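Welcome! Try each task before reading its solution.

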Amino acid sequence: MGAPFGFTACWTRKAVLDKYYNGVDDYRCCQGYIPTCCCIDTSECCIGSPLGLCCEGFCCPIFSISIARLHLMDSKRIRPDPCDYKLIACSNCLQCLSCILDIVAIFVDAVKDLAEIVDLIADLFTCSVAGCMGAQIHHEIKKDKDGVVFVVVEGVPVVTPNNVSLAAQDGAVPVVQAVPVGAPPKGAEMER
C-alpha cells in the first residue's frame, strides 16, 4: 500500500507546506504532532529535508496524509466535521481488529481466512478514508488559490500562522455569527 499511495502522501504534505508555510524548508518529521518516541524527538528529525518528506510519504502514507490534514486544519483553524471523527475511528477500529485477528491466526489455523478478509476490508476502508482526506486537502488548497481565507467566530480570538491577529486585519476576514457550544461554525467545517 505504501508505494502507489505514497505519491499522494508526498503531494499532500508538500502542498500544505508550500501553500501555508515556507515550503519544504518548514518540513519536520510528523510535523511535530508525534511526541518523543523511543528516546527520539521526532520534531527534530529531517528538518527541511525533501528526502525525509519522501520517506515519510512512502513508508507511512496514511499517517502522512493524516498529518498533512491536521497541519492544514491547524493552519486555518478549521474544525473537522463530526462525521470525519466517526469515519477515522471506524477505520482505526477495523485496523485494530485486523491486527488482533492476524495475531490469533498465528495460533489458530481456522481464523486465517477470517483474518485475511478483515485485513482486506480494513485496508479498503482505510484507503477510502485517506482518499477523502486527500480530497479535502486538495479542496482547501484550491479554495485558497487567491489567498488564504480564514473564517472566524465572533468573540473567539484567532491568530494566523504568522501570529497576526485576525481582528487586526480590519474586515479582510469573513466573520460568522457565534454558534451553540459544541457545534462547528458554519463554513468552518472541512467540506467533503
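**Exercise 1. Find which residues lie nearest the centre of the largest pocket, and how many residues line it.**

Solution. Keep in mind that this is a predicted model. Start at the middle of the largest pocket: I62, S66, I88, N92 and M133 lie nearest its centre. Then widen the view to the whole lining, which counts 19 residues.

**Exercise 2. Decide whether K76 is buried or exposed, and find its side-chain partner.**

Solution. Begin by placing K76: it belongs to helix α3, which covers residues 61-76. Now take its relative accessibility, 3%. Buried means under 20%, so K76 counts as buried. Finally, check the side chain of K76: it makes a polar contact with the side chain of D144, at 2.8 Å.

**Exercise 3. Decide whether I106 is buried or exposed, then name the surface patch it belongs to.**

Solution. I106 sits in helix α4, residues 82-107. Its relative accessibility is 60%. Exposed means over 50%, so I106 counts as exposed. For the patch, gather I106 with I100, I103, V104, F107 and V108: these residues form a nonpolar patch on the surface. Together they have about 590 Å² of accessible area.

Definitions and conventions
Residues numbered from 1 in each chain as written. Predicted model: local features only at pLDDT ≥ 70, side-chain atom pairs only at ≥ 80, totals over all residues. Heavy atoms only, no water. Helix = DSSP H or I, 4+ residues; strand = E, 2+ residues; numbered from the N terminus. Buried < 20%, exposed > 50% of the residue type's maximum accessible area, 1.4 Å probe, protein only. Polar contact = N/O pair within 3.5 Å; in protein donor to acceptor, adjacent residues only side chain to side chain. Patch = residues over 30% accessible without salt bridge, like charges linked within 9 Å, V, L, I, M, F, W, Y side chains within 5 Å. Areas by Shrake-Rupley, 256 points an atom, 1.4 Å probe, with all protein chains shown as cover. Salt bridge = Lys/Arg side-chain N within 4 Å of Asp/Glu carboxyl O. 1 Å grid on protein atoms, 1.4 Å probe; cavity = no way out; pocket = protein on both sides within 12 Å on 5 of 7 lines; lining within 4 Å.
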